[in-house]
Amino acid sequence: MIKFDHASKRYPPGMNALADVSFEIADGELVTVGGHSGAGKSTLLKLISAMERPTGGAVLVHGQNVGSLKRSAIPYLRRNLGVVFQDQKLLFDRNAFENVLLPLTISGFPPHEARRRAQAALDKVGLLERQRAMPIMLSGGEQQRLAIARAVVGRPNLLLADEPTAHLDAETAADVARIFREFHAVGVTVLIATYDNGLFPTARRLVLDHGRLQ
Amino acid sequence: MSVWLSQHGDAFRTALRRLAASPVNTLLSLLAIGVALALPAGGQMLVANVMQLARNSAPTPQISMFLELDADKRAGQELQARLKEHPGVKVFKLIPRDETLTRMKSREGLADVIEALPRNPFPDAITVLPEDDRPEAMEKLAAEFRKWPKVAQVQLDSDWARRLAALLKIGRTGVVLLALLLGVGLVAITFNTIRLQVMTRRAEIELSRLLGATDAFIRRPFHYFGILLGLAGGIVAWGIVAAATWWLSAPITDLARLYSLDFALRPLSAIDSALLLIAAAGLGWLGASISLRQHLADD
């Protein structure tokens with residue numbers, strides 16, 4: 001499903017965010033990427049979702065070389081991925097339901113089907129009762145669960161999450177980790193960048209150190 | 001197809017929401033666009049009214065052909081025969097020199113002068129109504145008559161038509177210039193409004209891209225926004241022109257009566273109204289497109 005083949009990412013003026021990274025992730029795996037702050041975890045996820053392009057080597061997702069994708073093809077790659085962003089990127093002028101609906105609107109789902117799926121995704125993360133709430137009215141944990149609902153609403157077969165438990169208390173972090181494990185249990189491939197591997201004891205671990213895989 | 005329609009419907013509703021989200025800004029923009037478009041639209045209405053007035057009140061243009069003083073009756077008959085066969089001539093009438101003399105004698109103050117003359121100074125004349133009364137066509141016909149034998153002088157009685165045509169041409173050119181100038185103004189207003197929209201919705205645009213939105217999906221609501229802004233501005237302009245027409249109609253009719261003219265100010269025609277709205281919507285779309293090209297290109 002995912003293959004890094006000697007992939008590198010170098011930012012000007014010569015900073016190596018990732019250097020010669022090679023690994024593969026099979027369908028249905030649960031994998032965490034660990035490492036200190038600035039080790040390259042976020043960059044690795046950005047390369048998979050084509051938010052960044054590798055400056056060396058190749059990154060393959062579903063057999064497609066992400067680095068050589070045309071700009072016009074990138075939206076269609078992203079529609080097949082679920083991404084939980086480090087800063088969540090919730091829209092604070094839309095309620096929880098509308099935030100979750102957005103990816104389905106973008107993908108062109110019929111309105112009735114989109115509404116049904118959005119409510120199902122909110123139900124899955126325990127926010128159905130709060131679907132009309134604006135994000136500002138939600139707690140930190142609820143906001144994170146809302147971001148997860150938005151990431152999975154399109155039923156992607158690959159779920160990426162960048163530090164999804166950062167800034168959460170231990171109990172909420174465990175609750176969020178449980179949700180990821182549940183998605184993995186139904187066959188979704190999950191890749192999580194996290195400093196806390198203890199939350200995902202059954203996951204295969206990749207560790208980055210100064211952009212290099214240990 | 002239904003997905004395509006649904007996405008356009010969503011974009012349209014989003015654009016409407018954005019217009020309604022800041023009513024004061026929207027209202028001010030609409031007023032600025034409305035006033036800007038009302039000027040050329042009003043100008044067009046005035047030109048159309050003046051043309052109508054000219055058509056209704058002006059005499060029919062004609063060509064006067066004066067024969068040489070020594071032209072005999074036979075020469076006059078030959079000329080009439082030629083005119084009868086000419087495809088550019090609608091109607092003609094021979095005015096014999098004696099008839100002219102009699103008419104002139106009957107005019108106050110001229111009788112004594114004419115009586116003092118040793119002989120009839122007037123030539124035979126023929127008045128011609130052409131098939132095509134456009135100034136350039138009449139000029140061409142007159143030039144042809146001048147070459148005919150026994151024709152001393154040809155006078156084109158279409159000076160008024162030429163002067164009016166020249167004035168209307170200036171009026172129409174002014175309207176076009178005004179429309180171009182203020183059209184640029186409308187594009188600038190839409191450009192700036194969309195720029196502000198893009199700036200305030202930067203986070204949403206960025207997120208939409210990350211979730212797989214195409215460029216077309218992101219731009220679509222902004223395009224609808226520009227079209228709606230232009231269209232609504234066009235409606236405001238139409239309203240301003242209609243109100244001005246209603247207000248000015250009675251005084252202008254009164255003024256026309258003083259000159260024995262039966263004239264009433266007509267509002268913008270259906271075609272002109274439709275063109276105004278289409279142009280306004282098109283300029284709104286253009287302003288949005290230029291702004292998006294400028295402000296979304298590097299996202």
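A quick definition first: when I say polar contact, I mean a pair of N or O atoms within 3.5 Å; within protein, one has to be able to donate a hydrogen and the other to accept it, and residues adjacent in sequence count only if both atoms are side-chain atoms. Here's one: in chain B, the side chain of H223(B) makes a polar contact with the side chain of S289(B), at 3.2 Å.

Some housekeeping. This is a predicted model, where local features need pLDDT of at least 70 and side-chain atom pairs count only at pLDDT 80 or more, while totals for chains, interfaces and linings use all residues. Residues are numbered from 1 along each chain as its sequence is written, chains are lettered from A and ligands numbered from 1 in the order in which they are written, and side-chain values use heavy atoms, with hydrogens and water left out.

Back to H223(B). That histidine sits in helix α9 of chain B, residues 215-258; helices here are DSSP runs of H or I with at least four residues, strands are runs of E with at least two, and both are numbered from the N terminus. Leaving aside residues up to four places away in sequence, H223(B) touches W285(B), A288(B), S289(B) and L292(B), where touching means heavy atoms within 4.5 Å.

Now, where the chains meet. The contact takes 19 residues from chain A and 19 residues from chain B. Between them the two chains bury about 1,700 Å², 60% of it on carbon and sulfur atoms; that's the accessible area (1.4 Å probe) the two parts lose on being put together, summed over both. On chain A's side, R71(A), R78(A) and I106(A) supply 31% of the area buried against chain B, more than any other three residues.

There are four salt bridges between chains A and B, meaning a side-chain nitrogen of Lys or Arg within 4 Å of a carboxyl oxygen of Asp or Glu. One of them joins D93(A) to R201(B), at 3.7 Å, N to O.

On to the sheets in chain A. Four strands make an open antiparallel sheet in the order β2-β1-β4-β5, and strands count as paired if DSSP finds at least two bridges between them. The edges are β2 (15-25) and β5 (64-65), each pairing on one side only. Seven bridges join β1(A) to β2(A), with I2(A) opposite I25(A). That hairpin has three residues between its strands, and G14(A) takes a positive phi near 110 degrees. On β1(A)'s pairing with β4(A) there are five bridges, and S8(A) stands opposite G56(A).

The other open sheet has six strands, β6-β7-β8-β3-β9-β10, with mixed pairing. Its edge strands are β6 (81-84) and β10 (212-213) of chain A. Two bridges join β9(A) to β10(A), which run antiparallel, and D209(A) stands opposite R212(A).
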